[in-house]
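Please have the sequence and the 3D view open as you read on.

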Amino acid sequence: MTTTSTDLLQALIEGALPDSNGFFGPFGGRFVPETLVPALERFEAGAREALADPMFHTELRQHQEGWVGRPTPLAFAPRLSAAWNAQVWLKREDLAHTGAHKINNALGQALIARRIGAERVVAETGAGQHGVATAAACARVGLPCIVYMGSKDVERQAPNVVRMRRMGAEVRPVTTGDATLRAAVDEAIRHWVGYPEGTHYILGSAVGPHPFPWIVREFQKVIGVESRRQMLEKAHRLPDVAVACVGGGSNAVGFYHGFLADASVELHGAEAGGVGAHVGQHAATMSGGTPGVLHGSRSMLLQDEHGQVSDTQSVSAGLDYPAIGPEHALLAHVGRVAYHAVRDDEAITALDELSRLEGILPAVEPSHALALAKHLVRDRPGATVLVNVCGRGDKDMPILTRLADEHAQSEGSA
Amino acid sequence: MRAHERISDAIAKGRDTHGIALVAYVTAGFPTMDAFPGILADACAHADVVEVGIPFSNPIADGGTLQATSRVALEHGATMPAIMDELRGMHGSLDAPLLLMGYLNPLLAYGLDRLATDAESAGVNGVIVPDLPPESLEVARPIIDARLATIGMVSPVTHEDRLQSIVERASGFVYAVASVGVTGQHRNDQADITAYLQRVREASPIPVCAGFGIREKAHVDALRGACDGVIVGSALMEAVGEGRSVGDLLRLLR
């Protein structure tokens, strides 16, 4: 039995985790109502069969190249490097089709859904990026698509709602619970409990019951694999520090996988620090959470002493989630990745800096990673840092406009 | 008598006396902490077994009614320690044996060892945990070792070999989700339900109770002979929400 941290990390690197019950050491598993178990088993069997089939990989690669636009570029950021006194490299997942890494997983799962004979797809979305990616992937493979989205997020990310509907998806606003990503996941699961036979649920993050954390990682690993190869080609070295943002953690888990075995590469994750460290003011699961079970897996969770899940807050709808993928819980547990809380204002400052110095307007989510990267290289002049820019900021215009208005008002009243 | 046998015996007795046993579900702390003991006592006076619902912030298997009762109960401070205190105070005064029904996380936060220790003094004879499938039942080891009932849940989409492993590990009774869907929904046709319950009963050495979507006497009558008991939850909580008596509704369903 592998129990020490070194053993667990080694097992993860060798592909032995999750185990057959879906556990990453003490985290993960499949804690769901019985009604969903046959559907999860069917999906797992279909996914294993697909991933072992060279024809599936050929088809996936064709879609990745001709439709997603893979490989996405990895490029040096000259002006940001000068400003930070570091060698800054950016992995441009924001240039993937539909504007974020979410398409990698949505495409892969949609292909599997079609393979296992699903009649429709259901998905949840926070920032709207996963919803847009799923709507696009379903249009591409020819499956009807229903997207549940918290009504608060429908408002925060209005342009994405229009995009989903244009691509033929039905968007259902969720007004129950906290009306954000968590409530959207609740509602998507409830839909699935109601129609487990013909429906495939495309979960968008590396969370949820087994096999989701595994399959999402498998489809996001392409980010890390490409990044490592591109760093060696272009920079002729690996980064000293690699940084990604983490909500549920799908971009990060895929990104980290390229470097897990490279002990010289420090891995860091930026969580949503919101507006403060008190309960309800942030979504920094690793900093403020304890182990618990939510949405089908055991992981780190923001909860009170009685096991009730806490409210969260973040400028970023995509990071506004009270739990984190079980593989991240393991990566923290074994000490391979360090997770840090980054506040809203720090993220917005980083967003402005990248926009002005490099002409790249990132989403607010990876802006958390940029802010953390800047902080990490402050005491390390000349360090090589790689940041995964997992999405572009076009979707954030409503919130950026509101922030600009608030800023103008406070200037006016001062 | 072991705790789980108190449950299976109560179901068998209800079935033998009334043709079908009646299991009532009430959300602890709904509509208020003060009103809850009266509602629980009323439910116990008219049902054979009563499930005390532990509210959770993210009830993924519940329909609108139980989502709402859960939310209200949490606002009223229906935490596990508060609920256990309440039950301890009523111990010995209730006419039916109790089960706790709740999602795993609040039970884990309370501590399953602690629950196993505290169960007897609170009159709790077992647990129903909708998000704990048989593969993960080992998590509940302290509950099993205390001989408390671990109610097994099966659904119409559960295939044969899973059904076998669920009924083998279950104690108290087997909870047959009568329709696919969240609590409160009712939509399968009767022939399907009867054949499905027949299948579960043949596999199960302990009583089988059907739940999800049972709202009126016709639903109960249709299940007579097809299973050992019926579980009524959402309809009862709607009655409570409208200020109607739980006892009246349960009498009507008998």
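A residue counts as buried here if 20 or more other C-beta atoms lie within 10 Å of its own. Keep in mind that this is a predicted model.

Let us start with A:His295, which sits in the loop between strand E11 (290-294) and strand E12 (297-301) of chain A. Is A:His295 buried or exposed? It has 28 C-beta neighbours inside 10 Å, so A:His295 counts as buried. Its backbone is worth a look too: A:His295 is not a glycine, yet its phi is positive, at about 50°. For background, most residues other than glycine have a negative phi, and most peptide bonds are trans.

A:Thr98 is another such case, with a positive phi of about 70° although it is not a glycine. You will find A:Thr98 in the loop between strand E4 (87-92) and helix H5 (102-115) of chain A. Since 26 C-beta neighbours fall inside 10 Å, A:Thr98 counts as buried.

In chain A, one joins A:His210 and A:Pro211, with omega at about 15°. A:Pro211 lies in the loop between E8 and helix H10 (212-234) of chain A. In chain B, the bond from B:Phe30 to B:Pro31 is cis, and its omega is near 0°. B:Pro31 belongs to the loop between strand E1 (21-27) and H2 of chain B.

**The parallel sheet of chain A**

Next comes a sheet in chain A. Which order do its strands follow? Four strands form an open sheet in the order E7-E6-E5-E8, and their pairing is parallel. Strand E7 (170-174) and strand E8 (199-201) of chain A are the edge strands, each pairing on one side only. Ignoring direction, neighbouring strands of this sheet are turned by 25° against each other on average.

| Residue | Bridge partner | Strand of the partner |
|---|---|---|
| A:Ile146 | A:Glu170 | E7(A) |
| A:Glu124 | A:Tyr148 | E6(A) |
| B:Gly152 | B:Val174 | E7(B) |

A:Arg166 is in helix H8 (residues 158-166) of chain A. With 11 C-beta neighbours inside 10 Å, A:Arg166 counts as exposed. Along the chain, A:Arg166 and A:Gln62 are 104 residues apart, and their C-alpha atoms are separated by 24 Å.

**Inside chain B**

Now turn to two helices of chain B. Helix H2 (residues 36-46) and helix H12 (residues 246-253) of chain B pack at an angle of about 20°, and their axes are 8 Å apart. Angles under 35 degrees count as roughly parallel, and H2(B) and H12(B) are therefore roughly parallel to each other. Their crossing is right-handed. Which residues of the two helices meet? From H2(B) come B:Ile39, B:Asp42, B:Ala43, B:Ala45 and B:His46, and from H12(B) come B:Val246, B:Gly247, B:Leu250 and B:Arg251. Sorted by class, this contact of H2(B) with H12(B) has five nonpolar, two polar and two charged residues.

**Where the chains touch**

Finally, how many residues does each chain bring to the contact between chain A and chain B? Chain B brings 32 residues and chain A brings 27 residues. On the side of chain B that touches chain A, the elements giving two or more residues are helix H3 (64-75), helix H5 (104-110) and strand E6 (152-154) of chain B. H5(B) gives the most to that side, with five residues. The residues on this side of chain B divide into 18 nonpolar, 11 polar and three charged.

Definitions and conventions:
Residues are numbered from 1 along each chain as its sequence is written. Chains are lettered from A and ligands numbered from 1 in the order in which they are written. This is a predicted model: local features need pLDDT of at least 70, side-chain atom pairs count only at pLDDT 80 or more; totals for chains, interfaces and linings use all residues. Two residues are in contact if their C-beta atoms, placed from the backbone, lie within 7 Å. Ala, Val, Leu, Ile, Met, Phe, Trp, Tyr, Cys and Pro count as nonpolar, Asp, Glu, Lys and Arg as charged, and the others, Gly among them, as polar. Axes are lines fitted to C-alpha atoms, for helices over the stretch in contact, and angles run from 0 to 180 degrees between N-to-C directions. Angles under 35 degrees count as roughly parallel, over 145 as roughly antiparallel, 65 to 115 as roughly perpendicular and the rest as oblique. A crossing is left-handed if the near helix is turned anticlockwise from the far one by less than a right angle, and right-handed if clockwise. Two strands pair if DSSP finds at least two bridges between them. A residue is buried if 20 or more other C-beta atoms lie within 10 Å of its own, exposed if 12 or fewer, and partly exposed in between; C-beta atoms are placed from the backbone.
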